[in-house]
Amino acid sequence: MNKNSNSYQILYAAVMVVLVGAVLAFIYMALKPRQDENIANDTRNQILSAVHVTAPSERDIPATYEKYITQDLLVDAEGNVTDSTAGCAFAVNMKKNLKRPEAERLLPVFRCVLDDGSVKYIVPVYGAGLWGPIWGYVALNDDGNSIFGANFSHESETPGLGARITEAAFQSQFENKQLYKEGELKNVAVVKNGQKTTDGGDYVNAISGATITSRGVGTMMQQCLKPYDAFFRKLQSETEK
Amino acid sequence: MLSKKNKEALFNPLSKDNPVLVQILGICSTLAVTVSLEPAIVMGISVIAVLAFSNVIISFIRNTIPTTIRIIVQLVVVAALVIVVQQFLVAFDYEVSKQLSVFIGLIITNCILMGRLEAFALNNKPWPSFLDGIGNGLGYMIILVIVAFFRELLGSGTVLGFQVIPQWCYEHGYENNGLMILPPMALITVACIIWVHRARNKELQEA
């Protein structure tokens, strides 16, 4: 048989593509439920680590999540709770959510009660890094101002550079930073080592060598926390009472 | 099992025929993943696995592949293999798959893979091809680890994430070299390794 005849080549390529495609499709279908479950568990884990809770093992993540995250909330731009059915905040797809006009955006909040009885509010953030999306969860104390903890994740940032936003050394910088200065939402900026913010707001140090990713974190914080302004102010006035 | 020829396939790539130092393959990924030691090791292991198995598969079907479309066939095999590995990792070991996510793409574009498939697997039986894959993967990993060790040590003062340069050095004016973190230093480090390697292996020197 002539291996270099046109018909052999075309047949060979066609059979190969169909075969490989079928195998890949089959594997994808067969593994999809397990993968989805893993991804959901990973999200739960990220939310929990924003409030410094770690599940004893991977299997305990759903139970631990149920225990600490007591309520899912959706709020509107005026800070009113519009929905508080179980799982409503968890079901929000942040990527699609951010594409909507600002007025129609869903604002998910996870209410969390820790072992010592203190209440934290966890807000999801989503933005762009250098190579792909970055996202995270920012936990606020019930004063609606100071950050209790933050957790960031990424899809494809450079290992050793941008990927270091997932490390504790970067994330712990956000702890105890204040979003509001003199009653104004200043947010937390990410700036080069040794620099300061010009508007007097709190800041953290960027990762050297990962300028774009660090900037992405800063922009993400600005964009995603701004719509919560009214909600945060409500928390502030509640604690003052 | 290990005839003389097979031994050569397995051990030559470690030094005399090293994919990075002598064949100058896989430079791009050497540059990308050697900022710190841990990703370099993970990348090395994944390349060994994918290289060995794609070598075996190509070697099995080598007599049926039409020469005119062989590159496409190789690419499909490598890409399919990498995706299968990734899917299984996401389903069964999510933590590892998260660490590997970026490398998966880098493995497909790694020129060592295509280079070895072209040069070895297409003309040899599956068992020697398997050994060749393991050997070249190891040869690649060794260089990655050496480069990453120096870049992490001098660039961040750590090894595998542990601080090794004591604090008093910093107090006496020592500073981490920011240049080591940037890509050019990977090339310069590789060049230094090639220099040392050629100086020690006279037969590799070109006139």
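In which sense, right-handed or left-handed, does α3(B) pass α7(B)? In this predicted model, the crossing of α3(B) with α7(B) is right-handed.

Chain B contains nine helices and two strands. Chain B has 207 residues, and 38% of them count as buried. Looking at contacts in chain B between residues at least 6 apart in sequence, 78% connect residues that are at least 24 apart.

Two helix pairs of chain B, both involving α3(B), can be described in detail. Two packed helices are described by the angle between their axes and the distance between the axes. Helix α3 of chain B, residues 37–60, packs with helix α7 of chain B, residues 126–156, at an angle of about 165 degrees, and the axes are 8 Å apart. Angles over 145 degrees count as roughly antiparallel, and α3(B) is therefore roughly antiparallel to α7(B). The residues that form this contact of α3(B) with α7(B) comprise 20 nonpolar, seven polar and two charged.

The second pair joins α3(B) to helix α6 of chain B, residues 111–119, with an angle of about 30 degrees and axes 10 Å apart. Because angles under 35 degrees count as roughly parallel, α3(B) and α6(B) are roughly parallel to each other. The crossing of α3(B) past α6(B) is right-handed. On the side of α3(B), the contact is made by B:V47, B:V50, B:L51, B:S54, B:N55 and B:I58, while α6(B) supplies B:I112, B:L113, B:R116 and B:L117. By class, the residues in the contact of α3(B) with α6(B) are seven nonpolar, two polar and one charged.

Turning to chain A, six strands form an open sheet with antiparallel pairing, in the order β2-β1-β3-β4-β5-β6. The edges are taken by β2 (81–83) and β6 (147–154) of chain A. Each of these has a single partner strand, so one side of each is left without a neighbour in the sheet. On average, and with direction ignored, neighbouring strands of this sheet are turned by 35 degrees against each other. Helix α1(A) packs on the sheet and touches β1 (69–75), β3 (107–113), β4, β5 and β6 of chain A. The direction of α1(A) makes about 150 degrees with that of β6(A).

A:V75 has A:V81 in β2(A) as its bridge partner. These two strands, β1(A) and β2(A), form a hairpin with five residues between them, and A:G79 in the turn has a positive phi of about 90 degrees. Next in the sheet, β1(A) pairs with β3(A) in the antiparallel sense over six bridges, and A:L73 stands opposite A:V109 in β3(A). Further along, strand β4 (residues 119–128) of chain A and strand β5 (residues 133–141) of chain A form an antiparallel pair over nine bridges. In that pair, A:P124 has A:Y137 of β5(A) as its bridge partner.

The contact between the two chains takes 24 residues from chain A and 23 residues from chain B. The side of chain A that touches chain B has 12 nonpolar, eight polar and four charged residues.

In chain A, A:H52 lies in the loop between α1 (6–50) and α2 (61–68), and its phi is near 60 degrees, a positive value in a residue other than glycine. With 14 other C-beta atoms within 10 Å, A:H52 is partly exposed. In chain B, B:I24 lies in the loop between α1 (4–11) and α2 (27–32). Although B:I24 is not a glycine, it has a positive phi of about 50 degrees. B:I24 is partly exposed as well, because 13 other C-beta atoms lie within 10 Å.

Notes:
Residues are numbered from 1 along each chain as its sequence is written. Chains are lettered from A and ligands numbered from 1 in the order in which they are written. This is a predicted model: local features need pLDDT of at least 70, side-chain atom pairs count only at pLDDT 80 or more; totals for chains, interfaces and linings use all residues. Helices (H or I, at least four residues) and strands (E, at least two) are DSSP runs, numbered from the N terminus. A residue is buried if 20 or more other C-beta atoms lie within 10 Å of its own, exposed if 12 or fewer, and partly exposed in between; C-beta atoms are placed from the backbone. Two residues are in contact if their C-beta atoms, placed from the backbone, lie within 7 Å. Ala, Val, Leu, Ile, Met, Phe, Trp, Tyr, Cys and Pro count as nonpolar, Asp, Glu, Lys and Arg as charged, and the others, Gly among them, as polar. Axes are lines fitted to C-alpha atoms, for helices over the stretch in contact, and angles run from 0 to 180 degrees between N-to-C directions. Angles under 35 degrees count as roughly parallel, over 145 as roughly antiparallel, 65 to 115 as roughly perpendicular and the rest as oblique. A crossing is left-handed if the near helix is turned anticlockwise from the far one by less than a right angle, and right-handed if clockwise. Two strands pair if DSSP finds at least two bridges between them.
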